[in-house]
Amino acid sequence: ITFVDVVEEVIERINRDRSFPIRIVSDTEDVYTVDSVDAIRATDTSAVASAIASADIMGTAVGVNILPRIAPAIAAGLKQRFDSGNVSQLNIIICENIIESGKHLKALVLEKLALEYHVLVDQKIGFVAAVVSRMVPALTDEDRRENPVQIKVEPYCIMPVDKHAFRGELPAIKGLEFSDNLFAYEERKLFTHNAGHAICAYFGYQKGY
């Protein structure tokens, strides 16, 4: 597993430990260790492109406003992938808070690719929208001093994805829920998960918080 990041402390720690802990936090806390990982700098376009050229599956979780900034690196990676003769399917699971994220990122990437690659992208590259509702609380200062790459997360572990956006076989990844109607999941999240947060914020504002 290769991470692409911009935070130097995170990159150095991942490359030092080659692993990171996930803490499942509920009434109790279970800790799992993810091994065989490394990290590369997002500014190292050549290294990012090489990683994409040989990847089996990809994912983004950078924030909607950052997608235009990573699209050139994805385009460079796909170009290198195709130029090297690798025309196997590659699915990019897009974990961003935007409706129709697959179409959005695909358009950004195609803008950076010559027209000669567009047909291959349509045939071989899946831009897969996902609906992420799992809560990941921010690390405390104490947590960061202990290990800046640890993740604390709630037990909920289901991520609906757009079944029809995949290219090739559906990946056997625990927790993915292949949906024929992802828009319904997006709407449900907006009107329950996000609306719940908004309501609490409005009440807090009225209280002067």
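Leaving aside neighbours within four places in sequence, His118 is in contact (heavy atoms within 4.5 Å) with Leu110 and Leu113. The model is predicted, so local features need pLDDT of at least 70 and side-chain atom pairs count only at pLDDT 80 or more, while totals for chains, interfaces and linings use all residues. Residues are numbered from 1 along each chain as its sequence is written, and side-chain values use heavy atoms, with hydrogens and water left out.

- His118 lies in helix α5, residues 118–124; helices (H or I, at least four residues) and strands (E, at least two) are DSSP runs, numbered from the N terminus.
- With a relative accessible area of 19%, His118 is buried; buried means under 20% relative accessible area, exposed over 50%, and partly exposed in between, for a 1.4 Å probe and protein chains only.
- A polar atom of the His118 side chain lies 3.0 Å from the backbone oxygen of Leu113.

**Largest nonpolar core**

- A nonpolar core is a set of buried Ala, Val, Leu, Ile, Met, Phe, Trp, Tyr and Cys residues joined through side-chain atoms within 4.5 Å.
- The largest such core has 24 residues, of which Leu78, Leu105 and Val109 touch the most other members.
- At least two residues of this core come from each of α2 (45–54), α3 (67–83), β6 (90–94), α4 (101–111) and β7 (125–129).
- The element that gives the most to this core is α3, with seven residues.
- Apart from neighbours within four places in sequence, Leu105 is in contact with Thr60, Leu67, Ile74, Ile92, Ile94 and Phe127.

**Second largest pocket**

- A pocket is defined on a 1 Å grid over the protein atoms alone, as an open set of points where a 1.4 Å probe fits, with protein on both sides within 12 Å along at least five of seven lines; lining residues have an atom within 4 Å of a point.
- The second largest pocket holds about 260 Å³ of space; grid points are joined across faces, edges and corners, and a volume is the space filled by probe spheres set on the points.
- This pocket is lined by 14 residues, and those closest to its centre are Gly102, Lys103, Phe127, Ala129 and Asp162.
- Two or more lining residues come from each of α4, β7 and α7 (182–206), and β7 gives the most, with four residues.
- The lining divides into six nonpolar, two polar and six charged residues; Ala, Val, Leu, Ile, Met, Phe, Trp, Tyr, Cys and Pro count as nonpolar, Asp, Glu, Lys and Arg as charged, and the others, Gly among them, as polar.

**Loop residues**

- Ser133 is placed in the loop between β7 and α6 (141–146) and counts as buried at 17% relative accessibility.
- Not counting residues up to four places away in sequence, Ser133 touches Glu154, Tyr156, Lys189 and His193.
- Asn65, in the loop between β5 (57–60) and α3, is exposed, with a relative accessible area of 71%.

**Positive phi values**

- Most residues other than glycine have a negative phi.
- Ser36, which is not a glycine, has a positive phi of about 60°; Ser36 is in the loop between β3 (29–35) and β4 (38–41) and is exposed at 61% relative accessibility.
- Glu100 has a positive phi near 55°; this residue lies in the loop between β6 and α4 and is partly exposed, with a relative accessible area of 43%.

Key:
Polar contact = N/O pair within 3.5 Å; in protein donor to acceptor, adjacent residues only side chain to side chain.
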